[in-house]
Amino acid sequence: MKRICLLFLFFLLLKYSAFTQCVIPVIASVNPQVVCQGQQVNLSAQVIPSSCGISAGCSGNNVSSALGAGNTVQPGSAIQPPTILGNFNNSGRNEMLYLASELTPALGGACIIRSVSFNVAIFNTNQALNNFTLKLTCTNATSLNTWENNLTTVFYSASGINPAAGWGNTVTLNTPFAWDGVSNLIVDICWNSFAFGNQNNKAQCTNTAFNSYLTLSANTDLCGTNLAPNVYTLRPNIRFNYCFANINDYNVVWAPNTGINAVVRADTAITTATPNVNTSYIINVSDGTGCTGADTVSVQVDNSRVNAGADVNA
């Protein structure tokens, strides 16, 4: 029994390890970068995702327009796939690709995703989808043909979620996810339910010009499966809840903050310094929950002297 418990704890640590690390995408800048000795430089920093992945949260509550303007319902009868949130079978996996060209007008640029929502057009059951997992990843791929398994888990619930009619299917991420503003985005959901045999729910979808949706349903656990998926160009519509990070929401410390090259004020995003020698200025940012970020900028100090010669009387 003790061995079983230890194995179970190890499994939980693996399953939730993705939730324990997050990065605050801080970007520092300095102006000017080359100065004379004793000349003031202006230091500043902001939080803008330049890469995708687990992120610290942020304030703000923006809801995107739907990615997908179509109103076509997923095909098949209520006991047939595809289904975005149905459990005639006990397990299902769905993977969708949304292009940066769609995300940018909906999200307004690089941001932090807090939740995703799906629109169930034909609602048949609210039976819980147990062991529900949602994963995200950025990609350069412009179509889907096989499962992408290099994904970041941003939501997991053993008890699962209960489907609802319309846009009432919002999954609030356990950990926010930063989108870099330029990459395409893959959204992967799967579940493995205790109870099944209910008629499937069907999502509202939009036809795309590329393979944008993979799906598979079976009475075996499909989470992480490599079984060949069914491939569609008809893709479920989605909405995102997102926010833009404000560096003033975080704890800030500049270094060096002592000595002749120190910043004037170390705890603000915008500060100044008067370096006497070449100096690297580091900003460390944290949110109090374990999320951290750092960036470095360097200043070159020109200590050269020019001999203009002796004064000449006119």
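Me: Where is Pro32 found?
Reply: In this predicted model, Pro32 is found in the loop that lies between strand 1, residues 26-31, and strand 2, residues 34-36.

Me: And what kind of peptide bond joins Asn31 and Pro32?
Reply: The bond joining Asn31 and Pro32 is a cis peptide bond, and its omega is about -5°. As background, most peptide bonds are trans.

Me: What about Ala255 and Pro256, what joins those?
Reply: Ala255 and Pro256 are also joined by a cis peptide bond, here with an omega of about 5°, and Pro256 sits in the loop between strand 18 (251-255) and strand 19 (271-273).

Me: Switching to backbone angles, what is the phi of Asn131?
Reply: Asn131 has a positive phi of about 50°, although Asn131 is not a glycine. In general, most residues other than glycine have a negative phi.

Me: Where is Asn131, then?
Reply: Asn131 is placed in the loop between strand 8, which covers residues 111-122, and strand 9, which covers residues 132-139.

Me: Buried or exposed, that Asn131?
Reply: Asn131 counts as buried, because its relative accessibility is 18% and the cut-off for buried is under 20%.

Me: New topic: which strand is Gly53 in, and which residues does Gly53 touch?
Reply: Gly53 is found in strand 4, residues 53-54, and, leaving aside residues up to four places away in sequence, Gly53 touches Pro176, Phe177 and Ala178.

Me: Is Gly53 buried or exposed?
Reply: Gly53 is buried, with a relative accessible area of 13%.

Me: How far apart are Gly53 and Gln300?
Reply: They are 247 residues apart in sequence and, from C-alpha to C-alpha, 33 Å apart in space.

Conventions. Residues are numbered from 1 along each chain as its sequence is written. This is a predicted model: local features need pLDDT of at least 70, side-chain atom pairs count only at pLDDT 80 or more; totals for chains, interfaces and linings use all residues. Side-chain values use heavy atoms; hydrogens and water are left out. Helices (H or I, at least four residues) and strands (E, at least two) are DSSP runs, numbered from the N terminus. Buried means under 20% relative accessible area, exposed over 50%, partly exposed in between (1.4 Å probe, protein chains only). Contact means heavy atoms within 4.5 Å.
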